[in-house]
Every structure is written in structure tokens, then in C-alpha cells.
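Reader: I've got the model open and I'd like to learn how to read its packing. Could you walk me through it?

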Amino acid sequence: MPFQIRDPVHNFIELREKERELVNTLAFQRLRGIRQLAMAYLVYPGALHTRFEHSLGVKHVAGLMAENLELSYDDKATIRYAALLHDIGHGPFSHVSENALARYADPTSLKANQKKEKIHEIITILIIQNNLQIIEILGQRTCDKIASLLSEWHGEPVLRSLVSGPLDADKQDYLLRDSLFCGVKYGIFDLHQLHRSLIAYGLENNRDLMIKEDGIHAVEQFVLAKYYLTTNVYLHKVRLITDQMIIRAIILGIEKDNNDKLRKLYSFNNTTDYVEEFIKWDDARFLQTFGLEDNSGKCQMLLERLVHRNLLKRVFTAKPTDFVPEIRELLMKLTEIGSKYIRSRIESEIAAKVAEVIKSDIDADFVILNTFTIDSVKEISENDESSILVAKYPVPVPFENTSNLFASINEAFKEVFVEIYAPVNWQTKSERKQICETLKEPIKNIIEKFCRENVGGEK
Amino acid sequence: MNTYDFVQLSLHALGGKIEGKTKFQKMVYFLGEMTGELENLGYRAHFYGPYSDEVAESISRLKILGFIDQTVATAGSINSRGFEVARYDFNLNEVGQIIANEKTKKYPEVWLELKKSVAILMAKAIDYIKLSIAAKIFFMLGEKKDNMSSIEDLKKMARSFGWSISDEQIIEAADFLKTIGLVKLTV
């Protein structure tokens, strides 16, 4: 009888012998210490779940999907292994680490085919292909096949789509799991009905994962679940602030505190030595090392604010169309690494203005300019991968053209926001309103002034 | 040149207006090929022809920056269940034109090539369905596109992909590709 684990989302998850061995590796067990939603628990107290149980869930969902499709025994096993290991390269605080990795990675170490991949995905591949415990369990050939499936897959598209695509097992698990642990109902959809709707469709050896014509409603529910969870949980105001505070703490630790240990952690160089060190870190060790032991630095001060939930506050929010036209394109690039000097100058001047308004000194390094996008529900159905396709003869058609519900939604409802977070405190809503209103025009003018000076070339 | 700037200049060169997302994608695809910028635009194979997420994202960015107005037109089309079939029309607005004009100065050579290419494309105006078929055929020709092909070759290729398009449509698409100078045909 297969080994079983009780899971709050899927009830019993069965593990076959090799899957159980993979779960018991040090690299996989580390995922117990990496929270799925970083510090989202500061706004949703139940969001304490980790990459560990999510990875088990993705393995379970991918296994169910693979069983419903006509795949070979070997392919089904590979899918389950790939699903189980797909997040093994995540750093402390999951996706929040990615920002720092992208900033401090050695770009010369990246191969041509790695330039468009996220660094944690490259780390995942390096772990799968080089970790001795994993190789001993699966063999090098299977490890290479899993690595290929998770990166540059040249085999039948349906296999790749099960682990990475608009209908992949990853999304199916995280929507249900994040909803449950956050205590919201936004991400709920009918998993088993969705699976009944799936089909491997296309020419022989070139089939892709699609939905049957009568499965439109199950997919509508799935896409709406993703939209609601994105807008209500993943882009929740406090979640955005905590993510930005962690990122800023890392940057300050490296660039202002000259913390070598922190720099080493994020200076990815594409070597197995680096990866061996990287996978020794999780959220708790990060907070202990850089938030408690390394006292007096700016990184430590910001992490301490996070630990004590003394968060930065949003003092400004606007859309690009609130600004003069000639700076709007630059506005969209302000949080890119190439714009760090202009961003820093804007933040410094805003800090001075905020200090003047609240009549108290504030550290300019703790003022953060952030931009983010809320995609329209139609764009969310496409994600950053291709469209969901409906298996129609002779040529499949995009789901959003087939669904009556989605065809009637105006896809123009996409929004971008420019926000400023600062270390201010207010006691009442009216005090907050007064501070934000006082700052609105001055902050807008500061952003416009610096952007105007820099349109056409970052200085 | 990045995809966003190319899409913006393409729309500007096309007179600031384009009807339908599909037509937008295919027009930019052909303009990319004709100006030598295609490889930077992120096009990849799709069941319904070449498609670029980067081009789609650029259109979306132009909208949120307030440079293009998007209107939904139903053009009177109703699907089998009685729902209107929406078509998205894009219009480079006054602000967008000012920004695009600045870019023509930044990329004078590409702008010149784009204007020439648009003139060729517009002289052979075809609807978006025929444009899509032409784009698909051209994309699937791959390496063969530099060699001489015959109408019969194109028909065979279309059948091998299982497309339900008529011989007339193939001939029309081939003629279009030949006229705009992208393929050499023996017949």
C-alpha cells in the first residue's frame, strides 16, 4: 500500500516509494521552512503554509491529471517527480527572493538559454541535475528529463503543460491552498470537474493540454478564481508593503550595510557550490541571521519592523494616466534595476517632504516607490503563457473566444499603480486621510520633476 | 529596438487605427518581417498562426499609459448562442501621436522602413481572415521561405497541418505573400 499523507486541501496524498524518498531529501525538507506567501501572514494570520505542502499538493494534482490523459507509465512518473520538485529552488520568502537574485546574480554566468528564466528556476534545475541524494533516487537520466520538462522541453507539449502552462497543476493547487490558509473563498473552483474537462488534443506526438467543448464552465470558474485571489490576496495592500520591505532590507543590507553574508546569498553564479550554500537558507534562518544577530544595520532595522508588524504605510497611490504623458513610459521602468539612481533620488526628495508634513525625521532609505499591475480578467486567463485552448476540430480556438462569459467581459479593465510607502504612523482614519491628501500633489510633482529630467535616458 | 516601441510605431505608421486584435498581431508580424525587426518581437508558433505575447503586452501597455483608446465593436456579429461577438478596435489618440512622433525621431531608419512597408501592405489590402492565413502559411514555411515554392507546395503544407482552408484561400494568401515580396513563387 502506498504511503499516505493527510493534507488539508486534498485529504490523502499518496506517495510511491521514490516519491517518498524524494520528500525525505534535505533539499526537499528545506521547503518546510519557506512560506508560500512570504509574510502575507501579517495580513492573513492563517497564511503560514509552506512550499513543502504546496509541492506535495502539486504532485497530487499533476498525478490526477496525468491519470486522466493517455500517457505512458514513464511519462506519468516523470510528471509527478517534476511536480514534486518544481519549487525546490525557491529561496527565503519564495518569490520575494527572486527580486534580489535577479539584481545581484552574475549576468556573465548565465548561458544564452537561461537569460529569460527566473534565477530560482535555474537553481531548481541545478538542484535536480546535481543533488547527489536526488540523483541516487531517480538516476541521472530521469533527473535530466525532469530538468528538461521544467525548462526547455522539446517533447510532446502536453507533458510540459501539466507542470507549466495556463492550466498547470501548480496553479490548481495554490489557488485552493492559498484560499484555505488565508481564510478566503476567492480561489475556490471545482477541481475534479475541471479535470473531467481536460483532454490531450492534437496531432500524434504533438498533443497539447486543452479543454473539451463542454468544459467551458469549469474553466471559467478556475480563471475567475485566479483573478479574485490575485486582486484580493496576492496584491493586497499590506502584502505588497511587506514584500517591498523585505526586498528593500536585502538591498540596504548589501549596498549600505556592506553585509558580505547577505551579498553572497544573493550573488548567484550558476555553480553547484553556490546552490549547495543557497539551499541551506530558509525564512527563519534569514530572519535570525539578518534580523536579530546582525544588529545596528539598516537591513536589521527594517526586518525588525517586519517582525514587530511596524509596517511602512502607503502614503500615495496613482495611475500612470494621472501623470503628464511624456513621463508615463519612464514611470513604468522606475522599479527596474536600470532606474535605481532616479528612483533613489525621487525617494529621497519624497522622504524630505513626508518629514516636513509629519514634522518628524524619517530615513530616506525606508521610503519605497513601487509600481504594480492588476491584469484584466481576460489577461489572467492567458497568464504569461499561451491561451487556454478549446479542442475544436479542425483547429483549436482560444477559450476566451469560446466562453460566452469571457467574450462579454471588456478586456480593457487592466490597471497599473504607482505607490509610495513610508515610515509614518497615524492613529485615526481622518489623520491618515489628512496626511495622504497633503502629500498627494507634492509627491506627484516630485515624481514628475525627476522623470522629466530623465526622459530619454536614465542618469 | 524593443517590442513596445516597434508596436507603437507600427500603429502610427498604419495611420493610428487598426480594427481587431488578430489584425493587429498579424500586421505587426508582417511589418516586423519586412523591416528586419521580427526576431526581436517574440513571435512563436500557435495553432492559429504566429502570435507574440510581447506584442499583446505592448498593446496593453499603450492602453494603460493612455496612448491608445480601445473600443469594443460588435460589427453586428452574433454567435450561435445569441451572444454578440466582440471586436476590439485600437486608435492612437492625440497624446499617443505626440509620443509616437517623438519616437520617429529616435528611430528614423526603422520609421522610414515601416512607412515603406505599410505602403506595400496597404496597397494589397486584405481582410483579417486572409491576413491570418497568409501569416500562418508564411510562418510555417520556416527555412523554406527563401527558396522558390509552388502553389501546390503550399496546398500540401496546409493539408499536412490539417487546416480547413480552401484552395482559393491558399492561392489568395500566396498571392499576397508574393506581392509584398516575402515569398518567391514559381507559379
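Author: Let's start with a helix pair. α1(B) and α4(B) are roughly perpendicular to each other, a label that covers angles of 65 to 115 degrees, whereas under 35 is roughly parallel, over 145 roughly antiparallel and the rest oblique. Helices here are DSSP runs of H or I with at least four residues, strands are E runs of at least two, and both are numbered from the N terminus.

Reader: What is the angle at which helix α1 and helix α4 of chain B pack, and how far apart are their axes?

Author: Axes are lines fitted to C-alpha atoms, for helices over the stretch in contact, and angles run from 0 to 180 degrees between N-to-C directions. For α1 (residues 3-13) and α4 (residues 94-106) of chain B, the angle is about 110° and the axes are 10 Å apart.

Reader: Which residues make that contact?

Author: Two residues are in contact if their C-beta atoms, placed from the backbone, lie within 7 Å. From α1(B) come B:Asp5, B:Gln8, B:Leu9 and B:His12, and from α4(B) come B:Gln97, B:Ala100, B:Lys103 and B:Thr104. By class, that is two nonpolar, four polar and two charged residues. Ala, Val, Leu, Ile, Met, Phe, Trp, Tyr, Cys and Pro count as nonpolar, Asp, Glu, Lys and Arg as charged, and the others, Gly among them, as polar.

Reader: Before going on, what should I know about the model and its numbering?

Author: This is a predicted model, in which local features need pLDDT of at least 70 and side-chain atom pairs count only at pLDDT 80 or more, while totals for chains, interfaces and linings use all residues. Residues are numbered from 1 along each chain as its sequence is written, and chains are lettered from A and ligands numbered from 1 in the order in which they are written.

Reader: Which domains does chain B have?

Author: Domain bounds come from an automatic or database domain assignment. For chain B it gives domain 1 (1-123) and domain 2 (125-187). Their contact takes 15 residues from domain 1 of chain B and nine residues from domain 2 of chain B. On the domain 1 side, α2(B) gives the most, with seven residues. That side has nine nonpolar, three polar and three charged residues.

Reader: And which domains does chain A have?

Author: Each is built from two stretches: domain 1 is 1-183 + 236-311, and domain 2 is 312-375 + 414-459. Their centres, taken over C-alpha atoms, are separated by 31 Å. Twelve residues of domain 1 of chain A and ten residues of domain 2 of chain A form the contact. On the domain 1 side, α13(A) gives the most, with seven residues. By class, that side has six nonpolar, one polar and five charged residues.

Reader: Is A:Asp283 buried or exposed?

Author: Count the other C-beta atoms, placed from the backbone, within 10 Å of a residue's own: 20 or more is buried, 12 or fewer is exposed, and in between is partly exposed. A:Asp283 is buried, with 20. This residue lies in helix α16 (residues 283-293) of chain A. Leaving aside neighbours within four places in sequence, its contacts are A:Gly33, A:Ile34, A:Arg35, A:Pro92 and A:Phe93. A:Pro92 is 191 residues away in sequence, yet 4.6 Å away in space, C-alpha to C-alpha.
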